[in-house]
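Have the model beside you and follow along with me.

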Amino acid sequence: MQSLTTLEYGKMLALVARYANTPMGRDLLEDLQPLSDRKQLATDLRAIDETIRLNEEKQVSWRFAELADPSDAVAILRIKNATLEPSTLLELTRLCNQALFVRSAIQPEKDFAPTLWQLVERIPHSLFPAIERVNRKLLPSGEIDDAASPELTRLRREINLQRGRLQKALENTMRNAGDAIQDAIVTQRNERYVIPVKADFRGKIQGVAHGFSSSGATVFVEPLAAIEANNELQNLKGKEEREIARILFALTEDLREQLPAIEAAVEAVVELDFIKAKVEFARKFKAIVPTISDDETLDLIDARHPLLEENLRQLSVISYQLSDSRSEETRNQKPETGNREIVPVSFKLTKQNPVMIISGANAGGKTVVMKTAGLLSLMAISGLPVPAREATIPFYKSVLADIGDHQSLSANLSTFSSHISNIAGMMENCNAPSLVLLDEVGTGTDPDEGSALGVAIVDYFRRKCGAQVVASTHYRGLKIYAANDENVINASVEFNEKTLQPTYRLLVGLAGASSGIEIARRFGIRDEVINVARENLDISAQKSETYLRQLQTETTNAVDLRRALEEEREAVAYKYATLEIEAKKREKERRKEFETQLAETVEGFEKQSKAFINSIEDKALKAKLDKERLARKAELNRAVLNQVQSNPIAERGMRSAEMKTEDQSSAIRILHSAIIKVGAKVRTSFGSVGTVEKIDKDTAEVAIGAMRLREKLSNLQTVSVQTETPNESNKQTRGEKLQSQAKNSNLRLDTEDLSAELNLIGQTTSDAEYEIDRFLDEAYLAALPRIRIIHGFGTGALKNFVHHFLKGHPHVERYAFAPPDQGGNGATIAELKQ
């Protein structure tokens, strides 16, 4: 097909075939044609995608090495009683081994890669014993192992013994012959062992002559005494050959029985190598698996021509080698390598906008755009990955191209005639959905006629054939056609007016000036010719060209400005993101510092309050104060927590140092004031001891004998009682008795207040310990008579922990399981001390 040749489809296949490991895979790729079966295309593309994801996500890959084409071996297996050579057997088993290995690698991921699994699941495990027998009996060199059969082992042992006896007998003969021997070396002639005898002494040793040396000075004689031994040796070798033939036939028969499995293995290896070559091509060229559209949308983003990209790579390698081989004086000079970076192409054709007219300067890349679109479309419908960032391509029935000069002297075709002839054939073969590529449509004849013909041809393919059309032109008629029809896209290749060089960028939505005179000047046409050309150029044409150049320049500037703004926006966003990360980091550090200081504050309060309580000798008062200390500790924690939640981290960080000392001192004052009540014995700031008769907020009225004075609670200290009264001791004993009987008592929760209930279901014992302790403190301060703790049934670990914790808690008078209507054994009711 001419379009395939025009778009260099064969060269592209050869490029992909380089990445195949087997000759079968290379042949399959080189013979690949665009597919006509949509389901087969979907399967092929899915296989590529699964292979890429298997490699990237599951680290599953394969590579076939040292595999020959098994076609001849499989053909011999189909012939009854035919025997394979040892080397062929090894090649076949090597292929089957690698097929089984890939099957074992894919099998665990068969749900992840169902398409690949379908290729290998037909390879049965029964193939493994057959190839194991071959590998066990054949050495890697292709020789038969001595242990291939007991008979072969015996024969080779006898052959070695017979050979040794024969060589020893011949050596004795040579020693007895004296000067008649040319060289004392036993050698072979006609597969029989002989000795070298000087020609002059031929008659001295009786035997059979097996020939002379090249000089004629030596005759090789088999002594009469060695004839029988040589015959015996040849007989043993004949038996060995027959045994080897029997072994090879048996091994061949084993594989013949597995012929369907071997054919499945061969087919799987060829397909997997075919797929792996595509994947390697995709990796090398940063290609993607294209999306096949259902709505005839052709959408290419950053598409690249693979052959052009490969050529630029080769040029870069050659340039590097040349620069590396230059002399030291010229090595530091920058080589003239030109632009070696491929410029990607992006455009979109749809049902609503199926035509794109490309204009612009000569040698600006118009043809490359069309060839890229055509070749990538052929690659996609052939089941190959395409070099692009994103690619959506219709399932074209035909891709037709008229690109280049097809003139033929033998066929009597001019440039124009060859183009028209080719386009006529394209009209015959156009089947929608189709992609039509027209390079310089209408060229080669009168500009007015060519322009009108070009518009008519493009419009025919668009309306009559329902094709998507990409056409390049220098004709104003086609540019106007694109500008006046909203369903036709105008595009151009960019030309830098300052450097007079093309940039190869495709500008969609804008027609371009041809800049033919500027291009001619760049290629060396004399200035006087250029000036005459400018003078002869039609004024309207000059204005049109100037307008198009200005419009193109302004559009380019707008695009560059937009890119600069995008880059600046991204930089600002990155800067703000960095600042936010740094702020969060500093906030985290301040929070950590504050939490450390808070822990130190609470710890200081704990130490000072414990020291104060330990200084009291009255046990009853000491126990009461310890309970009060726990309650105040919980209150302090709540107060600090409220302050943490209401204040920003920054304020807490700046005030944390002041809070530390203030909270410690205030906590101690709270503890002191908490134990001073009406009737308590206290010592004033003057050292006098009295009784508290009245408390008004933070001031107490103290009676000292007949004198009464008012003193701040913070200045008063309690005076401990030295002895414990019998009533208090008895009360504590009764409390202990009540606690021991708590599990058998029948307690009820008489309130529906949710603050009197704690749900621990789902928590661990370590989490529950903190929650219970906090809950008991709050309930005690709220003067609740009873509380309920829901722990559930479960394994009983949480229930046992709750009971163990309540048993020794200073706030709890007694506890028991809840009645059936309040949770039963899944909850515990605790009665608090008042």
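**Notebook: loops, helices and confidence**

I started in a loop: E440 sits between β11 and α16 (447-463). I looked up its backbone and found a phi near 55 degrees, a positive value in a residue other than glycine. Buried or exposed, or in between? I noted E440 as partly exposed, because its relative accessibility is 21%.

Before going on, I reminded myself that this is a predicted model.

I then turned to N81, in the loop between α5 (71-77) and α6 (86-106). N81 is not a glycine, yet its phi is positive, about 70 degrees. With 52% relative accessibility, N81 counts as exposed.

My next loop lies between α15 (415-429) and β11 (434-438), and it holds P433. I checked the peptide bond from A432 to P433 and found it cis, with omega near -5 degrees.

**The whole chain**

I wrote down the secondary structure as 25 helices and 23 strands. The chain has 834 residues, and 42% of them are buried. I also looked at contacts with a separation of 6 or more: 69% of them join residues 24 or more positions apart.

**Helix α4**

At 1.5 Å a residue, its 21 residues should span 30 Å, and the end C-alpha atoms are 29 Å apart, so the two agree. Which residues of α4 are buried? I listed L41, D44, L45, A47, I48, E50, T51 and L54. A helix has 3.6 residues a turn, so residues three or four places apart point the same way. Looking for what covers the buried residues of α4, I found α7 (114-120), α11, β5 (291-293) and α14 (366-381) among the elements.

**Helix α9**

I repeated the test on α9 (residues 150-177). Its 28 residues should span 40 Å at 1.5 Å a residue, and I read 41 Å between the end C-alpha atoms, which agrees. The buried residues here are L152, L155, R156, I159, Q162, L166, L170, M174 and A177. Their cover includes β2 (192-198), β4 (218-223) and α10 (224-257). After α9 comes G178, and I noted its positive phi, near 65 degrees.

**Where α3 meets α11**

Two packed helices are described by the angle between their axes and the distance between the axes. For α3 (residues 23-30) and α11 (residues 259-285), I noted an angle of about 65 degrees and axes 8 Å apart. The crossing of α3 and α11 is right-handed. On the α3 side I found M24, G25, L28 and L29, which meet V269, V270, E271, D273, F274 and A277 of α11. Sorted by class, this contact has seven nonpolar, one polar and two charged residues.

I finished with pLDDT. The chain mean is 80, and 81% of the residues reach 70 or more. Which element has the lowest mean pLDDT, and which the highest? Helix α23 (residues 726-740) is lowest at 38, and strand β9 (residues 390-394) is highest at 95. I marked residues 648-665, where pLDDT stays under 50 and the model has 26 contacts beyond four places in sequence. I marked residues 721-745 too: pLDDT stays under 50 there, with 23 such contacts beyond four places in sequence. Where pLDDT is low, the predicted coordinates should not be read in detail.

Terms used. Residues numbered from 1 in each chain as written. Predicted model: local features only at pLDDT ≥ 70, side-chain atom pairs only at ≥ 80, totals over all residues. Heavy atoms only, no water. Helix = DSSP H or I, 4+ residues; strand = E, 2+ residues; numbered from the N terminus. Expected span 1.5 Å × (residues − 1). Buried < 20%, exposed > 50% of the residue type's maximum accessible area, 1.4 Å probe, protein only. Contact = heavy atoms within 4.5 Å. Axes fitted to C-alpha atoms, helices over the stretch in contact; angles between N-to-C directions. Left-handed = near helix turned anticlockwise from the far one by under 90°. Nonpolar A, V, L, I, M, F, W, Y, C, P; charged D, E, K, R; others polar. pLDDT = per-residue confidence, 0-100.
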